[in-house]
Amino acid sequence: MDEFWVFGYGSLMWNPGFPYEERVLARLGGYRRSLCVRSYVHRGTEDRPGLVLGLDRGGSCKGVAFRVAPSSWQSTVDYLRERELVTSVYLERHVRTQLSDGRSVRALTYVIDRAHPQYAGAVTVEEAAQIVEGAVGRSGPNPVYVANTVAHLREIGIRDHWLESVASAITANGA
């Protein structure tokens with residue numbers, strides 16, 4: 001392996017938590033960003049789960065790819081496994097990713113495990129807004145997570161119309 005890349009589609013895009021040498025907008029085919037993970041800790045509880053992002057099958061996802069220096073490969077993988085695999089709701093995958101400058105690279109990313117009990121499946125905008133509205137976890141209120149995600153995506157030039165619709169529905173309902 002000559003290069004090591006990581007693909008981020010949620011908070012990893014603006015808060016990677018590991019050193020990198022290059023950061024490039026990228027597109028991953030075959031997966032889409034989705035509020036498909038029931039959060040029992042960070043944005044909800046087991047009694048009142050929230051929803052957080054996962055990569056689910058179908059479509060494509062704009063995100064950010066990070067090239068990591070060889071000296072940081074193992075520490076980056078260790079860090080990401082600790083961050084992403086806490087409840088084993090995600091599966092670690094190496095995926096072909098198209099960088100905005102035309103390069104095609106293989107990148108490490110984490111996709112939803114559809115067999116995991118925390119997988120929420122496909123929910124409508126209205127269902128997602130309803131689930132998110134009253135959920136609060138260790139990392140704060142779930143509506144703040146959705147609003148911050150939409151704001152950060154816009155800051156780096158990524159529009160996610162479905163997620164923006166969820167944020168608007170939450171705001172319209174008064175959360």
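Guide: Glu 92 is partly exposed, at a relative accessible area of 24%; partly exposed lies between buried (under 20% relative accessible area) and exposed (over 50%), with a 1.4 Å probe and protein chains only. This is a predicted model, in which local features need pLDDT of at least 70 and side-chain atom pairs count only at pLDDT 80 or more, while totals for chains, interfaces and linings use all residues. Residues are numbered from 1 along each chain as its sequence is written, and side-chain values use heavy atoms, leaving out hydrogens and water.

Visitor: Which residue forms a salt bridge with Glu 92?

Guide: Side chains of opposite charge can pair when their charged atoms come close. A salt bridge requires a side-chain nitrogen of Lys or Arg within 4 Å of a carboxyl oxygen of Asp or Glu. Here the partner of Glu 92 is Arg 81, with the closest N and O atoms 2.8 Å apart. Arg 81 lies in helix 1 (residues 73-84) and Glu 92 in strand 4 (residues 90-99), so the pair ties together parts 11 residues apart in sequence. Helices (H or I, at least four residues) and strands (E, at least two) are DSSP runs numbered from the N terminus. Arg 81 is partly exposed, at 37% relative accessibility.

Visitor: Is Asp 56 buried or exposed?

Guide: Asp 56 is buried, with a relative accessible area of 1%. Its side chain meets that of Arg 32 in a salt bridge (3.6 Å, N to O).

Visitor: How many salt bridges are found in the whole structure?

Guide: The search finds 11. A network of salt bridges links Glu 21, Glu 22, Arg 67, Asp 101 and Arg 103.
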